[in-house]
Amino acid sequence: MNQVAMPNKLLDVQNLKQYFHPGQENEVRAVDNVSFHIYEGETFGLVGESGCGKSTTGRSIIRLYHPTDGEIYFNGEDISKLKGKKNMQQFRRDIQMIYQDPYASLNPRMKVQDIIAEGIDIHGLAESDADRNQQVNDLLELVGLDKSHATRYPHEFSGGQRQRIGIARALAVQPRFIICDEPISALDVSIQAQVVNLLQELQRKKNLTYLFIAHDLSMVKYISDRIGVMHFGKLVEVGTSEEVYRFGLHPYTESLLSAIPLPDPDYERNRRRVTYQAPKEDGKERSLKEIASGHYIYCSDDEVPFYQKKLEQKKRQ
Amino acid sequence: MEQTQLNVKQFSADSFEPLIHAERESREKIVAPSLTFLQDSWRRLKKNKGAVISLFILIAVAVIAFGSIWVSPHDPTKQNVKYINLPPKIPGVSLDGFNGTALIGGQRVDKYAQANVPEQVHFYLGTDGLGRDLLSRLLMGTRVSLIIAIIAALLDLSIGVTYGMISGMKGGKVDNVMQRVLEVLSGIPNLVVMILMLTIFEPGMTSIILAMIVTGWITMARIVRAQALKIKDQEYVMAARTLGESSSKIALKHVLPNISGVIIVQMMFSIPSAIFFEAFLGFIGLGLRPPAASLGTLLNEGYKTFRFLPHLMWAPAITLSVIMVCFNLLADGLRDAFDPKMKD
Ligand SMILES: Nc1ncnc2c1ncn2[C@@H]1O[C@H](COP(=O)(O)OP(=O)(O)OP(=O)(O)O)[C@@H](O)[C@H]1O
Ligand SMILES: [Mg+2]
């Protein structure tokens, strides 16, 4: 990765909070004070266990939910307070989402061409029916499907094919930023690589920026430039994927790393799962702190030197 | 063993050629014909004998009942004191009970001859106490039942679906208020609503329809709301939202088509109960007024003389039962056809 000229921040999330039922007994702090940014053209991986708030983060960014608090800057504009149909429509074209479940993300009563063209219809991107068909065919080809698939229904496709239809639907409005919410975790392993390769190819061709959500750190490392590790609604570590993968410092990251199996029998025989125990509430104020260039850890002020030393140790090994 | 090995070695190299890997294109081709949801359901419905037979019976009944507006055997409301209480007489049938004779004091008497009915005049199901042709009145009553069925279906589709859809899609406070209103409405028994209507309106079709407008669509609204709540969290609805689709379009394009099966099935099940509601009202005397006839009023008239003239009650009773059973069987078949998983 060359970081000669720092690209601009396409997305900048600051202190995002997303609470469900705020102020009530059943309040859920799904996302609690999360800050991160994504550079244009890169892939930012978001990992964490089930229920830690990854999807909620993505959905707040794309404004499926109304954020409780915080700012979300997209291309310099705060979109967390975006109002008015016109502003919203432009934003709806710029950010798109690819969903987790290929069986639930396509309307079973619509033909593939109408699914893909939904965005084209809403934003009036086609001049004529012929233009619409042409665009649909181009999109089908782009994601590696056949033109003849346009008139079929979703139930006639395999999981991988459906996921590609979902990708085509997202691409139809020519977005700049795509949130991939575990787009491969419901797929067969042999198909996962196909879809990931397609996503990477599209990123190159269309200069897309991805927020890639997953719970599998090794897959995220493969596809991402930078990684954020999430735990219970909070980001606990952010860094380049090499850095996090090799020198993950936060105990929770270490626990995730220790869970990754390697095709090495010697290693596997001695692999020890590190279980993560959340530290006791000690009243210290914690937040994301930069302990090395581009490497952030969720910690208190007085823990910074400790993590810095830990990083040095790990790098020396 | 040795033999086969030898044979294998005898093959020359050029009789082999590499297997050409199927092109990606052709691997991804789907050959099966594409069936729409309706085609697929129709295919499944056709396999269900009971439902298909019911469908044809209902179509036949509807055609005959509405056709009799123009070609009725006799005038259903014309009274004729000379021809009262005639037994059924069908030309060419000499079976007792259908040949115009009746048993009086242990003896078969030709009632038609007694009443001086001309030779070419037949009352296929006999006449009632006022000399009106029962078959004509039966057709008239069936027509009323079918009209009630259509109205029940329309109310379900218009008020029920709209109410449920708004409640489910809006959610939150709106949903809460709308559901409380439903609970109040459904707490009032149908009969009470009907009696309240009768305090303002004349008994008849109008008051029955008004009573149905108040309560007839509640089950449908509840079912549609529950389904809408379920569908609106699906990922394809979220996808539509992130594409910028408006809520009303989402309801029409995404939610409605996906619950259409449930809606049709519920509609079919609500029809027999509406028919029965009308018949019940007619029977207890709150329904149509004479000379108009419905199956309920015919039953009411027939049952008074059931011991002497049983056919006056048998005819409407059988008709009502057949219509209700057919609607139920058809609804059952449709449910299985629309959603094979729902069967339990
Ligand atoms: N609409 C909602 N109302 C209330 N709570 C919610 C809602 N949506 C999500 N939550 C809660 O927020 C938390 C985070 O959920 P989220 O779906 O973001 O997890 P996730 O990290 O995406 O998990 P997974 O890997 O299983 O997809 C969970 O505890 C969930 O129960
Ligand atoms: Mg999720």
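Helix axes are lines fitted to C-alpha atoms over the stretch in contact, with angles running from 0 to 180 degrees between N-to-C directions. Angles under 35 degrees count as roughly parallel, over 145 as roughly antiparallel, 65 to 115 as roughly perpendicular and the rest as oblique. Helices themselves are DSSP runs (H or I, at least four residues), numbered from the N terminus.

This is a predicted model, in which local features need pLDDT of at least 70, side-chain atom pairs count only at pLDDT 80 or more, and totals for chains, interfaces and linings use all residues. Residues are numbered from 1 along each chain as its sequence is written, chains are lettered from A in the order in which they are written, and side-chain values use heavy atoms, with hydrogens and water left out.

| Helix pair | Angle | Axis separation |
|---|---|---|
| Helix 7 (residues 172-187) and helix 10 (residues 218-231) of chain B | roughly 150° | within 10 Å |
| Helix 4 (residues 49-67) and helix 14 (residues 311-338) of chain B | about 135° | 8 Å |

Going by that angle, helix 7 and helix 10 of chain B are therefore roughly antiparallel to each other. They cross in a left-handed way (the near helix is turned anticlockwise from the far one by less than a right angle). On the helix 7 side, the residues in contact (heavy atoms within 4.5 Å) include B:Asp175, B:Gln179 and B:Glu183, and on the helix 10 side they include B:Arg222 and B:Arg225. Sorted by class, this contact has four nonpolar, two polar and four charged residues. Here Ala, Val, Leu, Ile, Met, Phe, Trp, Tyr, Cys and Pro count as nonpolar, Asp, Glu, Lys and Arg as charged, and the others, Gly among them, as polar.

Helix 4 and helix 14 of chain B are oblique to each other, and their crossing is left-handed too. Among the residues that meet are B:Leu55, B:Leu58 and B:Val61 from helix 4, with B:Phe327, B:Leu330 and B:Gly333 from helix 14. That contact has 11 nonpolar, three polar and no charged residues.

How many residues of chain B are in contact with chain A? There are 26, and they touch 36 residues of chain A. The buried area (accessible area, 1.4 Å probe, lost on putting the two parts together and summed over both) is about 2,800 Å², with carbon and sulfur atoms giving 49%.

A:Arg132 sits in helix 5 (residues 129-142) of chain A and A:Asp121 in helix 4 (residues 118-123) of chain A, 11 residues apart.

Technical notes
Helices (H or I, at least four residues) and strands (E, at least two) are DSSP runs, numbered from the N terminus.
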